[in-house]
Amino acid sequence: MSTAIESPAGGPESEAVSIAAERRWTIVVVAIVALLVLMMIVTGLHWASMPPSRVETVDVKTVHVRGEFVESNLGTAVASDGKVTVRLIAQQYSFVPQCIVVPADLPVTFRGTATDAIHGFIVGRTNANTMLIPGFVSTFTTSFHATGELLMPCHEYCGTGHEAMWGRVQVLPADEFLAKARAGERLSCVPR
Ligand SMILES: [Cu+2]
């Protein structure tokens, strides 16, 4: 029994045409696979040769008792040179502090870490967005251009209470914020 493909033209010619078509497809498919493998190799080598610019670690076991992330140092600080820094901790299932005060139109540096699982946050629709990983300090600097209150949900699934893990960010006019700020004090909008 012949396995050759029958066509109106019939015979060995149509078989040669179908073999040529199969060969072209084989070449295209092999080329696509080779391109994908090459992309994986190039990106792998690129990331291996260019690691993140800075890695800052912190000891999870002592983060609550000493160093930068003790409770009394969390919140918003204004340094003597006017730099605004927010320090926060994420843990199952809350942020400390729960409510963060920042000035509008001034650069604000966030420094945060997590104590138990991977967490993260995004502030409203701004570009303030980071992961918080136990043992590492995440930091970024951004500015908020509109005053008002923004929601700050945890955006890394961190366990059964994840969907209830929210903070708030209150953006105040810069003069109002600076009037509240006192040297050495940590600001937050957590009700006392
Ligand atoms: Cu979380």
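Helices (H or I, at least four residues) and strands (E, at least two) are DSSP runs, numbered from the N terminus. The model shown is predicted; local features need pLDDT of at least 70, side-chain atom pairs count only at pLDDT 80 or more, and totals for chains, interfaces and linings use all residues. Residues are numbered from 1 along each chain as its sequence is written.

**View 1. Order of elements in the protein.** From the N terminus on, the elements run α-β-β-β-β-β-β-β-β-β-β-α, giving 2 helices and 10 strands. The C-alpha trace spans about 95 × 35 × 35 Å along its principal axes.

**View 2. The two assigned domains.** An automatic or database domain assignment gives domain 1 (1-51) and domain 2 (71-180). Their centres, taken over C-alpha atoms, are separated by 52 Å.

**View 3. Helix α1.** Helix α1 covers residues 11-49, and its end C-alpha atoms are 58 Å apart, in agreement with the 57 Å that its 39 residues should span at 1.5 Å a residue (1.5 Å times one less than the number of residues). The number of buried residues in α1 is 0, so the helix lies largely in the open; a residue is buried if 20 or more other C-beta atoms, placed from the backbone, lie within 10 Å of its own.

**View 4. The largest nonpolar core.** Such a core is a set of buried Ala, Val, Leu, Ile, Met, Phe, Trp, Tyr and Cys residues joined through C-beta atoms within 7 Å. Among its 29 residues, those touching the most other members include Val-86, Leu-88 and Ile-100. Strands β2 (84-91), β4 (99-103), β5 (108-114) and β10 (166-172) each supply at least two residues, and β2 gives the most, with 5 residues.

Note on methods: A residue is buried if 20 or more other C-beta atoms lie within 10 Å of its own, exposed if 12 or fewer, and partly exposed in between; C-beta atoms are placed from the backbone.
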